[in-house]
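This report covers selected local features of one protein model. Please view the sequence and the coordinates together.

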Amino acid sequence: MNDTSPSPSPPPKPRGWLSFARMVLVLFLTVIVAASSIVMVGPQILVIVPLALLLGLVFASRRSPWSLVCFGYPFTFGLTSAWIGDMEMPGYERTTAFAVSVGIGLVGCGLIGTGLWKLVRTG
């Protein structure tokens, strides 16, 4: 006897907890990468930024999400710069320079988060 009925499909996987775990992982890694921008304080920024941009170009040519992480990393120095300015100058948090630094840093965090989100996607 020839059975022509389609084979039963496997039950769908619960995606709610996977999405939450993915979100937590991306948020954790984004914070770690952004916090590591403190190593750019000093003359080593002259090596780190060009290297990150060069790696970003290499990964962009391969259409890899790592390019977003590499391009976003130098921008996270804006958050470090805003933090240092806030610690050293009273009232700095009410200046335009502080707002611009925070904005640039958040753009970098957004690029990193987007790149990591694409890297850890399931399916």
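## Basis

This is a predicted model, in which local features need pLDDT of at least 70 and side-chain atom pairs count only at pLDDT 80 or more, while totals for chains, interfaces and linings use all residues. Residues are numbered from 1 along each chain as its sequence is written, and side-chain values use heavy atoms, with hydrogens and water left out.

## Helix α4

Helix α4 spans residues 77–88; helices are DSSP runs of H or I with at least four residues, numbered from the N terminus. Its 12 residues reach 16 Å from the first C-alpha to the last, close to the 16 Å expected at 1.5 Å a residue (1.5 Å times one less than the number of residues).

Gly 78, Thr 80, Ala 82 and Gly 85 are the buried residues of α4 (under 20% relative accessible area, 1.4 Å probe, protein chains only). They pack against α3 (66–75) and α5 (96–119).

## Position of Val 39

Val 39 lies in the loop between α1 (16–35) and α2 (45–61). Its relative accessible area is 43%, so Val 39 is partly exposed (between 20% and 50%).

## Phe 71

Phe 71 belongs to helix α3 and is partly exposed because its relative accessible area is 25%.

Not counting residues up to four places away in sequence, Phe 71 touches Leu 53, Gly 56, Leu 57, Ala 60 and Leu 111 (contact means heavy atoms within 4.5 Å). Ala 60 is 11 residues from Phe 71 along the chain, and their C-alpha atoms are separated by 9.5 Å.

Conventions:
Helices (H or I, at least four residues) and strands (E, at least two) are DSSP runs, numbered from the N terminus.
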